[in-house]
Amino acid sequence: MAAAEGSGAAGPLVLKNHQFAGLADVSISEDIPVEGEITVPVGSRSPDEDYSTLDEPVKDTIMRDLKAVGKKFVHVMYPKKSSALLRDWDLWGPLVLCVSLALMLQGGSADSKDDGGPQFAEVFVIIWFGAVVITINSKLLGGTISFFQSLCVLGYCVLPLTVAMLVCRLVLLAGSGTVSFIIRLIVVVAMFGWSTLASTAFLADSQPPNRKALVVYPIFLFYFVISWMILTFTPQ
Amino acid sequence: MYLFAEFDDAANLLAANPDATTISIDEPGEIPKNRHSRLQEPGREEDDELLGTDDSDKTELLAGQKKSAPFWTFEYYQTFFDVDTYQVLDRIKGSVFPVPGKNFVRLYIRSNPDLYGPFWICATLVFTIAVSGNLSNFFIHLGKPTYHYVPEFRKVSIAATTIYAYAWLVPLALWGFLMWRNSKVMNIVSYSFLEIVCVYGYSLFIYIPTAILWIIPQKVVRWVLVMFSLCLSGSVLVMTFWPAVRDDNRRIALATVGTIVLLHALLAVGCLAYFFDAPELDFPAPIIPAHNGTAVITKSQ
């Protein structure tokens with residue numbers, strides 16, 4: 001019995017191999033109480049820390065989510081094969097990026113409303129609807145990634161293009177001649193390449209191998225359209 | 001593994017009672033989709049078995065029939081995207097270089113119409129036309145002091161509506177028309193709706209490089225391009241649909257094929273006219289005061 005007893009304190013129950021041999025001879029009579037503490041050794045916290053997240057201060061909640069979003073931004077800028085973007089998906093980052101991109105694309109010049117740049121709603125719809133269509137396309141072609149994970153990756157990879165938009169607006173403040181156009185062109189093309197490569201790095205592995213090009217092409221088209229909207233932005 | 005355990009018991013039972021009817025599991029060579037559906041419904045197999053259909057009939061039935069999933073499941077729509085990269089590229093090549101005498105549908109699609117090609121070729125065409133039109137207008141009016149560049153984003157939605165309507169409504173009408181004629185005249189060749197959508201979608205591919213080349217601001221060049229691409233994609237359509245109507249009344253057959261080519265031409269010409277400004281047309285200049293003081297409006301050609 002002593003061999004089989006737990007360590008007594010709040011610790012995991014440990015049975016070494018040679019102790020099993022003795023158990024066959026052990027018979028437990030009913031008047032000997034068995035006591036000890038068995039806890040499951042899976043890294044669980046002690047009962048004191050296990051309050052629900054409803055009780056924590058609001059700052060902790062917000063900081064935890066913000067840290068997760070920030071970590072994903074870093075993963076997008078340096079795309080390595082990490083599973084953080086895929087496993088713990090969230091849509092805060094894409095929402096923030098989409099809204100800021102749409103806001104920055106406002107104020108485009110127009111003689112009449114019909115000929116101007118895209119409206120806020122148009123940018124929003126293009127980004128979200130485009131991401132949904134690409135996700136459905138990749139799932140129909142046999143991809144194994146889940147719907148929201150794919151949306152998350154596509155949304156987060158808009159980050160380089162948002163940075164490009166910011167740079168373009170700053171360059172346009174300085175002037176709008178040929179030189180500024182060339183600078184903007186280079187920046188937008190570079191960021192477009194970065195976005196496409198980043199999202200391909202995350203998404204390509206979940207596709208069947210003989211259909212990778214079929215899945216990558218719509219992603220290329222999607223970021224191309226967004227880049228076109230950024231490049232053709234002309235201020236009032 | 002649970003299912004295999006059940007079948008092991010069945011084998012034991014069979015040994016006990018050799019005359020009982022048996023159910024055999026699929027061959028490994030069968031399409032995986034069918035195997036999944038059969039594994040999920042072992043009860044159905046037993047019902048079919050009781051109804052007397054034996055196994056060889058069933059495998060043959062399922063071999064020819066691909067879309068066996070009900071239409072409200074995701075797997076049903078996956079069967080329309082069952083193409084590999086090289087297949088899509090082959091189909092695009094077949095639409096750009098039509099082999100005289102070879103039918104596009106029979107050669108490339110007969111086994112496997114897909115929706116990937118039509119959908120994404122139309123999407124690419126929409127954005128190509130919008131972007132090229134914008135670029136072409138920019139270059140035409142470049143250098144004029146009064147011109148102010150506008151991105152013309154509204155035209156994207158117009159382009160999208162037009163092209164998707166053409167690529168889906170015209171095949172629908174054509175399919176309905178062919179079904180109606182089929183009920184009157186027994187045709188040897190008849191196409192399903194998806195095959196017609198496929199042909200139309202892939203035949204639009206030639207307009208993508210054409211739209212890019214339309215940036216060149218020369219009228220002659222643009223019209224030569226229109227004719228060239230119309231001949232190529234029109235011939236694909238004609239060679240596809242002529243066998244389907246040739247058994248019919250001569251006039252109806254010619255009218256059908258003529259309408260197909262006419263609509264195709266209308267699409268090309270309409271896109272050229274709407275999205276691309278004519279090269280010689282100047283941006284109307286504002287009123288400029290002439291040297292003798294009177295205001296003169298100048299507008300060249």
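This is a predicted model: local features need pLDDT of at least 70, side-chain atom pairs count only at pLDDT 80 or more; totals for chains, interfaces and linings use all residues.

Student: At what angle do α6 and α10 of chain B pack, and what does that make them to each other?

Tutor: Their packing angle is about 70°. Angles of 65 to 115 degrees count as roughly perpendicular. Therefore α6(B) and α10(B) are roughly perpendicular.

Student: Which residues of α10(B) does α6(B) meet?

Tutor: By class, this contact has 4 nonpolar, 2 polar and 1 charged residues. From α6(B) come B:V88, B:R91, B:I92 and B:S95. Across from them, in α10(B), are B:C198, B:Y202 and B:S203.

Student: How are α9 and α13 of chain B oriented to each other?

Tutor: Helix α9 (residues 154-184) of chain B packs against helix α13 (residues 250-275) of chain B with axes 12 Å apart. The angle is about 180°. Angles over 145 degrees count as roughly antiparallel. So α9(B) and α13(B) are roughly antiparallel.

Student: How many nonpolar residues does the contact of α9(B) with α13(B) have?

Tutor: On the α9(B) side, the residues include B:I158, B:V170, B:L174 and B:F177. On the α13(B) side, they include B:I260, B:L263 and B:L267. The contact also has 3 polar and 2 charged residues. The nonpolar count is 12.

Student: Now the two chains. What area is buried between chain B and chain A?

Tutor: The contact involves 25 residues of chain B and 29 residues of chain A. Carbon and sulfur atoms give 64% of the buried area. That area is about 2,700 Å².

Student: Which three residues supply more of the area that chain B buries against chain A than any other three?

Tutor: Their share of chain B's buried area is 26%. They are B:W120, B:F153 and B:R154.

Student: How many salt bridges does the rule find across the interface of chain B and chain A?

Tutor: Take A:R211 and B:D82, whose closest N and O atoms are 2.8 Å apart. The cut-off is 4 Å, so this pair counts. Across the interface, the rule finds 3 salt bridges.

Student: Which element gives the largest share of the side of chain B that touches chain A?

Tutor: The elements that give two or more residues are α5 (74-78), α6 and α8 (116-140) of chain B. The largest share is 9 residues. The element is α8(B).

Student: How far apart in sequence are the parts that A:D90 and A:K72 tie together?

Tutor: These side chains meet in a salt bridge, 2.7 Å from N to O. A:D90 lies in the loop between α3 (84-87) and α4 (92-104) of chain A, and A:K72 in helix α2 (residues 58-77) of chain A. So the pair ties together parts that are 18 residues apart.

Notes
Residues are numbered from 1 along each chain as its sequence is written. Chains are lettered from A and ligands numbered from 1 in the order in which they are written. Side-chain values use heavy atoms; hydrogens and water are left out. Axes are lines fitted to C-alpha atoms, for helices over the stretch in contact, and angles run from 0 to 180 degrees between N-to-C directions. Helices (H or I, at least four residues) and strands (E, at least two) are DSSP runs, numbered from the N terminus. Angles under 35 degrees count as roughly parallel, over 145 as roughly antiparallel, 65 to 115 as roughly perpendicular and the rest as oblique. Contact means heavy atoms within 4.5 Å. Ala, Val, Leu, Ile, Met, Phe, Trp, Tyr, Cys and Pro count as nonpolar, Asp, Glu, Lys and Arg as charged, and the others, Gly among them, as polar. Buried area is the accessible area (1.4 Å probe) that two parts lose on being put together, summed over both.
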